[in-house]
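Biologist: Please take a close look at one part of this model, the place where aromatic rings pair up. Then describe what lies around that place.

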Amino acid sequence: MVSRALASACRDLEDFLHRPSGSSSLRGEEDVGDDAVPLGLRELAQKDSAWEGLDEAELVTAGPLLLGPNGLLELAEAGGQDKSPGYVACRVHAVEACARFLENHGVSHAAQELLQRRLESVANTCSRIFRNDVANKVSMQALNLLLRALEVPCTRSSPLRELNDDLLRELKLRHSKLTASQLSLLLRVLAALADAQASAIPVGGGGREG
């Protein structure tokens, strides 16, 4: 059921990307908003109960539809130039569903295997979404997803130094433009990255020989 809902959401977003401007049902007026989001995607984004009871085989199938090539995260980034309310709402829910997956199943073998392969790509995609969507809710979900990914046990010693530098630069450039919630999440992400860098240093590796 979860995999079918994710596959359907991927098709909806990919179909949007190939339609002429103004023709997609995901574009709408201000009063459309969340009503444009397919019900299955909305539930996966907002309800922990939608993720209950999945076995390892289902997780192996679901993970790439979220965080893999042409999965929901990459499709959400690809549509970032369109700021219409309906599509922004779909992108918010797409990234939120990715975070919900890691919240509920980040310790699973399937999720950890996936992130061991895809962490750098996922992290850089989240960073780009944050930078390009700072004026809307997609940026918050991207930071939240990045934080969830960094909290998964297999990623805690991954330094990601370039990402850390990029986000520090964003903090300096946009500090005054970030909302309190964005700033709080960004600082938590930077703290998680600092912890990962510290964990990656070999014991005694920073000291001098006597």
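Modeller: Rings of Phe, Tyr and Trp (for Trp, its six-membered ring) form a pair if their centres lie within 6.5 Å; the pair is stacked if the planes are under 30 degrees apart, edge-to-face if over 60, and tilted otherwise. A search of the whole structure finds 1 aromatic pair. Its members are Trp51 and Phe101, with ring centres 5.7 Å apart and planes at 50°, so the pair counts as tilted.

Two notes on the basis of these values come first. The model is predicted, so local features need a pLDDT of at least 70 and side-chain atom pairs count only at 80 or more, while totals for chains, interfaces and linings use all residues. Residues are numbered from 1 along each chain as its sequence is written, and side-chain values use heavy atoms, with hydrogens and water left out.

Helices here are DSSP runs of H or I with at least four residues, strands are runs of E with at least two, and both are numbered from the N terminus. Trp51 sits in the loop between helix H2 (39-46) and helix H3 (56-67), whereas Phe101 belongs to helix H5 (residues 85-105), so the pair ties together parts that are 50 residues apart in sequence. Both Trp51 and Phe101 are buried, where buried means under 20% relative accessible area, exposed means over 50%, and partly exposed lies in between (1.4 Å probe, protein chains only).

The setting is helical. The chain has 9 helices and 0 strands, and 46% of its 210 residues count as buried. A contact means heavy atoms within 4.5 Å. Among contacts between residues at least 6 apart in sequence, 77% join residues at least 24 apart.

H5, the helix that holds Phe101, also packs against other helices. Axes are lines fitted to C-alpha atoms, for helices over the stretch in contact, and their angles run from 0 to 180 degrees between N-to-C directions. H3 and H5 pack at about 145°, with their axes 9 Å apart. Their crossing is left-handed; that is, the near helix is turned anticlockwise from the far one by less than a right angle, while clockwise would be right-handed. In this packing, Leu59, Gly63, Leu66 and Leu67 of H3 meet Ala97, Cys98, Phe101, Leu102 and His105 of H5.

The axes of H5 and H6 come within 13 Å and cross at roughly 145°, and H5 passes H6 in a left-handed crossing.

A nonpolar core is a set of buried Ala, Val, Leu, Ile, Met, Phe, Trp, Tyr and Cys residues joined through side-chain atoms within 4.5 Å. The largest such core has 62 residues, and those with the most contacts inside it are Leu66, Leu67, Leu72, Leu73, Leu102, Leu145 and Leu167. H5 gives the largest share of this core, 12 residues. Leaving aside neighbours within four places in sequence, Leu73 is in contact with Leu66, Leu67, Val95, Cys98, Val122, Thr125, Cys126, Ile129 and Leu145.

Outside the four places on either side in sequence, Val92 touches Lys137, Val138 and Gln141. Between Val92 and Leu73 there are 19 residues of separation in sequence and 9.9 Å in space, C-alpha to C-alpha. Glu96 is also in H5, and at 17% relative accessibility it counts as buried. Apart from neighbours within four places in sequence, Glu96 is in contact with Ala45, Gln46 and Gln141.

Asn70 is placed in the loop between H3 and helix H4 (72-78) and counts as exposed, at 52% relative accessibility. Most residues other than glycine have a negative phi. Asn70 is not a glycine, yet its phi is positive, about 60°.
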